[in-house]
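Here are a few notes to read alongside the model. Have the sequence and the 3D view open as you go.

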Amino acid sequence: MRYYVRAEIERFLRAVDRALKRPATIIIIGGGAAALKYRIDDPTMDIDTFNALGADLRRAIDAAREATGLAMPFEQSGVADGPYDFEDRLLRAMPRLARLTVLVPERHGLALMKTVRGDQADFAKLQAIHNRHPFDLPVLVRRYEEEMGHVIIDPRRLRWNFLALVESLFPEAVNLIQRALERPDQRGQLEAFLASQASLKGRRRSRRRPGPAR
């Protein structure tokens, strides 16, 4: 099985851009998104998109395969699902492309999309993203609770997958979150903990913000 690194994915997408006859937009998810936007060097086997590929884009993909010699699998994912509003928070990757607009999920949305499957290799990619661009635990918890109810998966399995994600990124919080998700009477402790996390993040931002010029 052939794997592709970030530089190859970028070269392939530039070739797609050159081959397009008219503007096109793709929403890249999975390992491709982790590579393109979050600079994770873990190789990926294919490019998965959330949206369907039109005829013009498919012709450009075929032309890119011929031009680059990269037989990169490039298809709409048949099993992708994620937070209800994740498409409102998409981010652009490779903004200098002329005709091809490449969008990827914001990192918290990407993490929750990966939670649906619960694959350990995916969690390793998310850990690599966390090392570069730390996730916000209160954001993850809020979006899990408010935006994942529509996902077609056994809710118990989704909860355990989410707890596995939390354990990989925030091991100190997993027991508290598990108790709060399973026992409403523990909710107050979770809210206090999340509030403290948000306050700590705010103080860190304040320390990094430059002071007034003298």
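**Notes on the predicted model**

1. Start with the largest pocket, which has a volume of about 570 Å³. A pocket here is an open set of points on a 1 Å grid where a 1.4 Å probe fits, with protein on both sides within 12 Å along at least five of seven lines. This is a predicted model, where local features need pLDDT of at least 70 and side-chain atom pairs count only at pLDDT 80 or more, while totals for chains, interfaces and linings use all residues. Residues are numbered from 1 along each chain as its sequence is written, and side-chain values use heavy atoms, without hydrogens and water.

2. Which residues lie nearest the centre of the largest pocket? Of the 25 lining residues (an atom within 4 Å of a point), they are Gly30, Asp48, Lys114, Arg117 and Asp122. Helix H2 (30-36), E2, helix H4 (107-117) and helix H5 (120-132) each give two or more residues to this lining, and H4 gives the most, with five.

3. Now look at Phe50 and Phe86, an edge-to-face aromatic pair (ring centres within 6.5 Å, planes over 60 degrees apart) at 4.9 Å centre to centre and 85° between the planes. Phe50 sits in the loop between strand E2 (47-49) and helix H3 (55-68), and Phe86, 36 residues apart from it, in the loop between strand E3 (74-76) and strand E4 (91-93).

4. Is Phe86 buried or exposed? Phe86 is buried (under 20% relative accessible area), at 4%. Phe50, at 22%, is partly exposed, meaning between that limit and the exposed class, which is over 50%.

Terms used
Phe/Tyr/Trp six-rings, centres within 6.5 Å; stacked < 30°, edge-to-face > 60°. Helix = DSSP H or I, 4+ residues; strand = E, 2+ residues; numbered from the N terminus. Buried < 20%, exposed > 50% of the residue type's maximum accessible area, 1.4 Å probe, protein only. Points joined across faces, edges and corners; volume = space filled by probe spheres on them.
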